[in-house]
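User: Could you walk me through this model? I'd like to start with the contacts and then go wherever the details lead.

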Amino acid sequence: MQRLLGSAGGLLFLPLRTAGMMLRRRACAGPLLLALLCLCYQTLMGGRNRAGPQTLMRGRNRAGPQRPTEEVLMETRRLISTLEALHREAQVQLSSHGPRRRAEVLTGRRLPSDTEVQLYQRVLQQMDYEVHMSRYAETSRFLRTQQGVGGWSLLLCVSSSERSCLRRIASSHLQQHHMVNLLPGLMEAFSDSGGGLCRLHARSQLTEPDLPMKPHSCGPTNHKLPFPPDSDPPVQAPPSALVAMVNVYVLVTSMTPLTSFLHDISVVMTNQQLRGRTVKITDFLLQQLGPATSHHALGQVKRVIGEVLQVAATNEEQESGGRCVLCFQLLTFTLLFSGAITPVIVQVDTELTFSALSDDTFTRQITKDLILEDALNFLLPPLTHLSSHLSSHLSSHLSSHLSSDAQDGGCRGTHGVCLPQDQLLLLLLFHQRLKRPSAFQLLYPSTPCSSCSSPASSAPLGVSDLLLRISCYYELQTNIRADEAEKPTNQQPASSQQKGVCVDPHLRQIYSDPPLVLTPPFSPGVREYRTEVAFDTVTVRIRPEPVSTACRVHLDEQRGPRMANYPVGLGNSRISILVTDGAEVLAIYTVHVYRESRPSLPMFGDHVTCSFVQVLFIGDSTNRGMMYFLMERVNSSLEDWGKAHDLLVYRNLNGGRTQVSYSYYPQFWLERNHRPTFQEALLQLLARSRPLVNSDQTVLVVGGVQWLNTNHLRTVQEVLDREALSDILVVVKSLGMGFHLPVDGVRSLSVTEVQNLFRENGNIISTAKKLGYEVIDTFSVTMGRYKEFLQGRCACHFHEVEKFRPLKPSDNTKSTTRSTRTEPGLQSAVLDTEQESGSKAQTYRVTGPVNQVYSEILLSRLCPKARHGVNRSLSDV
């Protein structure tokens with residue numbers, strides 16, 4: 001009696017007579033056994049005497065494709081039906097016997113915040129893997145010892161950990177269910193044997209005419225490949241001749257037999273567009289060559305890559321004693337089209353590379369992550385987990401049911417199908433991958449379906465024959481669907497009606513530069529995150545990527561940019577990401593960024609707030625910060641504040657004995673010819689603040705971050721003289737740092753412009769002193785502390801207002817009142833802090849050490865000894 005499937009390397013074979021007997025006994029056999037019998041019986045009768053796949057691939061002069069015979073199609077349909085039944089049986093086993101899968105991710109030098117590392121963790125957890133992270137195989141507790149070989153199902157080696165992985169693969173006896181994202185044979189074939197010469201060429205003695213590949217096409221590359229001098233189309237070339245450099249991304253899922261797939265995304269450079277761009281390879285060829293020629297060109301791309309992979313696979317088969325059944329690898333092939341539709345390979349990288357997209361870091365990483373995610377979803381159906389358990393079940397079934405019926409026959413003669421168990425598993429996976437929609441299309445085996453139609457002898461079918469039949473079957477199904485799609489119809493299919501609708505308003509990832517470590521780790525279902533950055537991180541570039549291309553993402557507001565450079569102030573900043581369908585906001589993600597502080601300026605002691613009746617402020621938000629600091633000092637608390645951009649009047653400070661008013665200038669959001677002049681704004685402030693006392697107990701504070709110049713000071717003098725207020729105290733707050741970061745949507749200053757600002761600040765101080773005004777040189781303070789700005793897009797705010805709960809309620813004031821008018825629709829245009837207007841029920845405080853420094857200087861200017869001889873506090877008024 002012959003033993004069937006006795007070990008992982010055993011053969012599945014059934015003689016014809018035995019198969020027939022077993023099929024007649026189907027009532028006694030289990031469903032898994034029946035599936036296996038069907039697989040063997042239905043395929044052994046379809047044996048054909050045909051050329052091998054490599055010969056077929058090179059048969060360029062054969063007749064055009066023709067339809068396989070009906071007999072072959074029927075046999076293939078029965079084969080696929082059998083594979084489906086076997087897959088369903090495997091699924092039942094998964095639900096009842098399968099333990100949770102364990103994945104080991106070796107990150108190498110990559111940080112946990114790297115989006116590729118996060119991608120692996122997120123996708124694998126969604127597939128119910130138990131994910132473990134280590135830097136190298138030598139540091140993994142599951143991989144350190146030989147006993148750990150059986151403890152994992154999937155090993156993913158991130159860039160910079162490949163050598164550690166290869167050492168582990170070489171020293172381990174990999175089991176059938178192990179998956180690793182490296183194929184040692186490919187790594188060897190496309191490594192550099194010196195000067196970029198591929199080992200594939202060096203070892204096989206192939207010359208360039210033998211293979212559509214430049215011999216010096218291997219080794220690491222981190223630069224753009226230039227177009228060679230002869231890349232211009234030849235004189236005799238037709239007008240549609242294609243001149244381009246194209247990166248295509250290939251997934252090899254098996255070396256023996258060879259199976260590989262082509263991702264639909266490519267990176268293209270043409271002689272007209274030297275900057276690389278991402279485009280579907282089919283779309284690019286269609287745009288360049290038209291429908292008929294583009295189809296032929298795509299076939300040439302597949303043929304060229306397939307020939308090279310075939311040679312690599314042949315070398316691996318000859319040199320390697322064992323192999324990893326489920327190992328896979330992603331490769332980058334750089335193709336050069338020089339005026340013809342048949343390309344030549346000029347570069348092969350054993351990982352995904354996007355050097356042609358060097359101008360856009362985000363686009364490179366987003367494209368890479370997309371291909372990696374597509375590959376994981378394509379490669380990791382539940383069946384891969386069952387391979388080891390499937391083996392024991394198959395052995396058990398066959399041992400119990402085929403005890404005496406298989407004693408004569410086997411694989412002798414012409415009646416039999418001999419499939420090792422690992423090849424049966426590859427066949428199952430190949431079928432599952434072809435039938436599912438995916439961004440990957442079959443690259444090899446991919447030959448004219450006429451290869452499946454030739455009658456021949458009854459030689460047994462091998463796994464390559466079966467793979468070829470399955471690929472032909474699905475190619476015919478694709479062609480039939482394409483033909484039906486071209487037929488006129490009066491009704492749109494439901495799928496096309498939904499095209500372009502944002503039905504999944506989630507983010508796939510939040511990309512940032514520098515990378516942000518989000519807490520919790522990013523997940524599409526989590527809407528709020530926190531992160532911390534170092535003091536020296538002053539800007540962060542953000543680009544969110546949606547799950548669905550039908551959804552739109554905007555930063556901060558519904559019409560905000562898709563990608564932006566954000567200034568990160570000291571303390572807390574907030575970044576809002578809106579996912580929309582173009583009409584309404586469907587989801588909001590929020591990232592709270594905390595930027596650490598460093599020891600700041602030494603603080604002055606609290607100055608006594610000297611006698612004044614009215615403090616009038618005119619200027620931008622930097623002046624407003626000083627005003628709120630003064631109000632908090634006067635009242636010991638701040639019970640009202642606002643982000644107003646017009647007039648504010650507070651009349652009940654200091655028990656109703658002190659008044660503060662404020663006018664925002666300039667009103668930049670208005671059209672230039674509708675903005676009030678500085679003189680008009682000052683006159684309006686004076687009018688709203690009357691009655692005014694013409695003495696030094698009335699104080700006017702004038703200043704702004706960068707708009708102030710000497711003409712404004714002369715205007716102040718003219719207006720005060722005309723309004724009989726020449727004796728009031730004028731304090732000039734000079735210029736300040738800001739707008740010094742490259743923030744999207746906001747002007748930024750060059751080094752030369754900052755130098756000009758410094759000179760202008762000196763002129764303002766000199767003019768103010770000549771006019772007898774007090775001066776606060778805020779430029780000197782903020783220039784040295786330019787990294788200590790707080791939240792706000794212009795990076796010029798050194799104060800913020802936050803909620804505060806005092807230990808004891810304030811006992812000296814009633815709540816302040818204010819008169820304010822805000823501009824309609826101003827919220828989205830204001831380059832200000834992100835604070836909300838407060839209510840009288842809350843208590844607030846002004847924070848920010850730099851603002852405190854120059855606000856304390858303001859207090860010191862209110863009662864100079866030279867003017868009063870003695871300092872008086874507010875309590876004396």
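User: How many of the contacts between residues at least 6 apart in sequence join residues at least 24 apart?

Analyst: Of those contacts in the protein chain, 75% join residues at least 24 apart, where contact means heavy atoms within 4.5 Å. This is a predicted model, in which local features need pLDDT of at least 70 and side-chain atom pairs count only at pLDDT 80 or more, while totals for chains, interfaces and linings use all residues. Residues are numbered from 1 along each chain as its sequence is written, and side-chain values use heavy atoms, with hydrogens and water left out.

User: And how many helices and strands are there in the chain?

Analyst: The protein chain has 22 helices and 27 strands, both taken as DSSP runs numbered from the N terminus (H or I over at least four residues for helices, E over at least two for strands). Of its 877 residues, 54% are buried, with buried meaning under 20% relative accessible area, exposed over 50% and partly exposed in between, for a 1.4 Å probe and protein chains only.

User: Let's do helix packing. At what angle do α17 and α18 pack?

Analyst: Helix α17 (residues 678-689) packs against helix α18 (residues 710-722) at about 40 degrees, and their axes are 10 Å apart. Axes here are lines fitted to C-alpha atoms, for helices over the stretch in contact, and angles run from 0 to 180 degrees between N-to-C directions. The angle makes α17 oblique to α18, since angles under 35 degrees count as roughly parallel, over 145 as roughly antiparallel, 65 to 115 as roughly perpendicular and the rest as oblique.

User: Which residues make that contact?

Analyst: From α17 the contact takes Phe678, Gln679, Leu682, Leu683 and Leu686, and from α18 it takes His712, Thr715, Val716, Val719 and Arg722. By class, the contact of α17 with α18 has 6 nonpolar, 3 polar and 1 charged residues, where Ala, Val, Leu, Ile, Met, Phe, Trp, Tyr, Cys and Pro count as nonpolar, Asp, Glu, Lys and Arg as charged, and the others, Gly among them, as polar.

User: What about α16 and α21, how do their axes cross?

Analyst: The axes of helix α16 (residues 621-635) and helix α21 (residues 849-861) come within 10 Å and cross at roughly 65 degrees, which makes α16 roughly perpendicular to α21. On the α16 side are Gly625, Met626, Phe629, Leu630 and Arg633, and these meet Asn851, Gln852, Tyr854, Ser855, Glu856, Leu858 and Leu859 in α21. The residues of this contact of α16 with α21 divide into 6 nonpolar, 4 polar and 2 charged.

User: Switching to sheets, in what order do the strands of the one with β3 and β5 run?

Analyst: That open sheet has 4 strands in the order β3-β2-β4-β5, with parallel pairing, and two strands are said to pair if DSSP finds at least two bridges between them. Its edge strands, each pairing on one side only, are β3 (129-134) and β5 (179-180). Strand β2 (residues 101-106) runs parallel to β3 and is joined to β3 by 6 bridges, with Ala103 opposite Val131 in β3.

User: Which helix lies across those strands?

Analyst: Helix α5 (residues 115-126) lies across β2, β3 and β4 (154-157), running at about 160 degrees to β3. In the loop between α5 and β3 sits Asp128, whose phi is positive, near 70 degrees, in a residue other than glycine. Asp128 is partly exposed, with a relative accessible area of 46%.

User: Is β9 mostly covered or open, and what does it pair with?

Analyst: Strand β9 (residues 329-338) is mostly covered, with 9 of its 10 residues buried. Strand β6 (residues 243-255) pairs with β9 in the antiparallel sense over 10 bridges, and Asn247 has Thr334 in β9 as its bridge partner. Strand β10 (residues 344-349) also runs antiparallel to β9, joined by 5 bridges, and Phe333 stands opposite Val348 in β10. β9 and β10 form a hairpin with 5 residues between them, and Gly339 in the turn has a positive phi of about 80 degrees.
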